[in-house]
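Here is a short briefing to read beside the model. Have the structure open and follow along.

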Amino acid sequence: MTNTKKDRRCYFCVNGVKEVDFKDAQLLRKFLSSYAKILPKKRTGTCSTHQRKLVLAIKRARIMAILPFVNR
């Protein structure tokens, strides 16, 4: 019985993104669940550095009303 775990790569490292922009709502929505919760890095495959930048960008986008706090 072999364990075939999907090898996840950091989206931002693969695409050469240095900074995560809080104004790019379409990109940030990829990292939110259907309930508008931030997905963990274990699920998205992002590295620690980019996960921290991603969380900060999502929180800023929520405060600027670009992303919702909750989906109903």
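Welcome to a predicted model, in which local features need pLDDT of at least 70, side-chain atom pairs count only at pLDDT 80 or more, and totals for chains, interfaces and linings use all residues. Residues are numbered from 1 along each chain as its sequence is written, and side-chain values use heavy atoms, with hydrogens and water left out.

**Aromatic rings**

- The structure holds 3 aromatic pairs (Phe, Tyr or Trp rings, the six-membered one for Trp, with centres within 6.5 Å; planes under 30 degrees apart are stacked, over 60 edge-to-face, the rest tilted).
- One of them joins Y11 and F12, an edge-to-face pair with 5.4 Å from centre to centre and 90° between the planes.
- Y11 also pairs with F31: the ring centres are 6.2 Å apart and the planes stand at 65°, so this pair is edge-to-face.
- Y11 belongs to helix α1 (residues 11–14) and F31 to the loop between α2 (25–29) and α3 (41–44), so their pair ties together parts 20 residues apart in sequence. Helices here are DSSP runs (H or I, at least four residues), numbered from the N terminus.
- Ring pairs link Y11, F12 and F31 into a cluster.

**Q51 and its surroundings**

- Q51 sits in helix α4 and counts as buried, with 11% relative accessibility.
- The side chains of Q51 and T46 are joined by a polar contact of 2.6 Å (N or O atoms within 3.5 Å; within protein, one able to donate a hydrogen and the other to accept it, and sequence neighbours counting only if both atoms are side-chain atoms).
- Leaving aside residues up to four places away in sequence, Q51 touches I38, L39, P40, K41, T44 and T46 (contact means heavy atoms within 4.5 Å).

**A nonpolar surface patch**

- I63, F69 and V70 make a nonpolar surface patch of about 350 Å². Patch residues have over 30% relative accessible area and no salt bridge, and nonpolar side chains (Val, Leu, Ile, Met, Phe, Trp, Tyr) are joined within 5 Å, like charges within 9 Å. A salt bridge is a side-chain nitrogen of Lys or Arg within 4 Å of a carboxyl oxygen of Asp or Glu.
- I63 lies in helix α4 (residues 48–63) and is exposed, with a relative accessible area of 67%.

Methods:
Accessible areas come from the Shrake-Rupley method with a 1.4 Å probe; for residues, only the protein chains shown count as cover. Helices (H or I, at least four residues) and strands (E, at least two) are DSSP runs, numbered from the N terminus. Buried means under 20% relative accessible area, exposed over 50%, partly exposed in between (1.4 Å probe, protein chains only).
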